[in-house]
Amino acid sequence: MEGRSELIEKLTGIRSSKKSYYVDLKKKMAEVERRNAQLEIISQLARRINVDMSAEEIMEEVWEKLRQVVRFDRLSLYILEGDRLVLRTSVPKGQGVLGEETRVSSPHS
């Protein structure tokens, strides 16, 4: 019986009595299912984005899918131009986190 308990612990990562084993296993399975659902959403997103899409179209795709995985209110895309971050697009429109343009310092300064 001891060898069986050790084997179960190694396979599941759960060290517990028989009674709590199923509760712990159920929790681990729910977590694995949640993570698999998140990975599937990210995979769908990666398949749907293509090089012919505009930045606005990509942002709309990301907005719709990523909200199923992560909670957020705003999504912004900034482009680094010299020492400035310039808002390229955002969802909702015109609501970039940093504003339209923000100066940044060089990491080597």
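Here are a few questions and answers on this predicted model.

Residue numbers run from 1 along each chain as its sequence is written. Local features need pLDDT of at least 70 and side-chain atom pairs count only at pLDDT 80 or more, while totals for chains, interfaces and linings use all residues.

User: What pattern does the protein follow along the sequence?
Analyst: Helices (H or I, at least four residues) and strands (E, at least two) are DSSP runs, numbered from the N terminus. There are three helices and three strands here. Read along the sequence, they give α-α-α-β-β-β.

User: Is Thr 89 buried or exposed?
Analyst: Thr 89 sits in strand E2, residues 84-91. Buried means under 20% relative accessible area, exposed over 50%, and partly exposed in between (1.4 Å probe, protein chains only). With a relative accessible area of 6%, Thr 89 is buried.

User: Which residues is Thr 89 in contact with, leaving aside its neighbours within four places in sequence?
Analyst: Contact means heavy atoms within 4.5 Å. With those neighbours left aside, the list for Thr 89 reads Ala 55, Glu 56, Met 59, Leu 75, Ser 76 and Leu 77.

User: Which residues of H3 are buried?
Analyst: H3 covers residues 55-66 and reaches 16 Å from its first C-alpha to its last. That's close to the 16 Å expected at 1.5 Å a residue, taking 1.5 Å times one less than the number of residues. The buried ones are Ala 55, Met 59, Glu 61, Val 62, Trp 63 and Lys 65.

User: What share of the protein's residues count as buried?
Analyst: The protein has 109 residues. The share of them that count as buried is 21%.

How values were computed. Side-chain values use heavy atoms; hydrogens and water are left out.
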